[in-house]
Protein chains: 2
Amino acid sequence: MSDMNEIREGEVVAEGLPEPGDAALVFIGRIRTPWTDRSACPRQGDPDGPICRLELAPPWERALVGLDAHETLEVFYWLHRSRRDLLVQRRKKDGLLRGTFSLRSPVRPNPIGTSIARLVGIEGSVVLVRGLDCLDGTPLIDLKPERRR
Amino acid sequence: MSDMNEIREGEVVAEGLPEPGDAALVFIGRIRTPWTDRSACPRQGDPDGPICRLELAPPWERALVGLDAHETLEVFYWLHRSRRDLLVQRRKKDGLLRGTFSLRSPVRPNPIGTSIARLVGIEGSVVLVRGLDCLDGTPLIDLKPERRR
């Protein structure tokens, strides 16, 4: 993901940021996807995309009870290779400079990614889904039924 | 939020969990809402609900550039008063026992809350929105334009 962490012309880095430490995350598992290189990842998950695996670590398997009643899940993961200090970024689609919070870029102070995924099946501590867009090996931090509107 | 952290009959606590520490969050600001008690919070944000304030800490104001082009935002916050060790919980609406990941309960290993909020305005480092459901003083961890479907 080095290409994502390079600074482009006009981008603004926050200076003198403290080390993050206001709250701590626990990785509850790992996500296995077909994409081992950032450039190969789709820009957004496709509900008809390949099956990906959410591999839960102990003791979280038990927290899956009842998940099979839901067709669509919201998956949260940690974009562990993203830089976190950009205030202004160059937007990919048109090269315009925009504030980090006006983009859905993975480069942000807390690089949490989310995807809406279709549940395909549950095998023990592994949840099979379609619709992800992240790198193979991405740390999993949460999953829940999709928001009702 | 003590009522939320009490164990109810049949609920299952994970034992011997390590202290979370796989990744660290930085709080980028605070959320001001009218709700100072958990029992007063709406169950889900209402797009016509009261105006709430996302108060950004320095240096993040600059990262708001371009946000005003969006009508609907996704707001991420840290549910700092939630317990994190429940595997099985009693669902509020019907009292049934369900795994944590099959619920949108704030009690989860990484208590990250999200809301879809309507942008009302931006005043310097403060973003005014409607549609939140969280307690006054909740730490803000991210905001971004709503996902396009």
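Two strands are taken to pair if DSSP finds at least two bridges between them. On this basis, the predicted model contains a barrel in chain A, closed by six strands in the order E3-E4-E9-E8-E5-E10 with antiparallel pairing. From one strand to the next, the twist averages 45 degrees. Strands of a sheet pair through backbone hydrogen bonds, in either a parallel or an antiparallel manner.

In chain B, strand E9 (residues 126-130) was examined together with its partners. Four of the five residues of this strand are buried, and E9 of chain B is therefore largely enclosed by the rest of the structure. Strand E9(B) pairs with E4(B) in the antiparallel sense over five bridges, and B:Arg130 in E9(B) is the bridge partner of B:Ile51. Strand E8(B) is also joined to E9(B) by five bridges, and these two strands run antiparallel. Here B:Glu123 stands opposite B:Val126 in E9(B). E8(B) and E9(B) form a hairpin with two residues between them. In the turn of this hairpin, B:Gly124 has a positive phi of about 65 degrees.

Aromatic side chains were considered next. Rings were counted as a pair if their centres lie within 6.5 Å, and the count over all chains comes to two aromatic pairs. In the pair of A:Trp60 and B:Phe101, the ring centres are 6.1 Å apart and the planes stand at 55 degrees, so the pair is tilted. A:Trp60 belongs to the loop between strand E4 (51-56) and E5 of chain A, whereas B:Phe101 belongs to the loop between strand E7 (97-99) and strand E8 (112-123) of chain B, so the pair joins two chains. Residues under 20% relative accessible area are classed as buried. A:Trp60 counts as buried because its relative accessibility is 3%, and B:Phe101 is buried with a relative accessible area of 0%.

The rings of A:Phe101 and B:Trp60 likewise have their centres 6.1 Å apart and their planes at 55 degrees, so this pair is tilted. A:Phe101 is located in the loop between strand E7 (97-99) and strand E8 (112-123) of chain A, and B:Trp60 in the loop between strand E4 (51-56) and strand E5 (72-78) of chain B, so this pair joins two chains. Both A:Phe101 and B:Trp60 are buried.

Methods
Residues are numbered from 1 along each chain as its sequence is written. Chains are lettered from A and ligands numbered from 1 in the order in which they are written. This is a predicted model: local features need pLDDT of at least 70, side-chain atom pairs count only at pLDDT 80 or more; totals for chains, interfaces and linings use all residues. Side-chain values use heavy atoms; hydrogens and water are left out. Axes are lines fitted to C-alpha atoms, for helices over the stretch in contact, and angles run from 0 to 180 degrees between N-to-C directions. Rings of Phe, Tyr and Trp (its six-membered ring) pair if their centres lie within 6.5 Å; planes under 30 degrees apart count as stacked, over 60 as edge-to-face and the rest as tilted. Buried means under 20% relative accessible area, exposed over 50%, partly exposed in between (1.4 Å probe, protein chains only).
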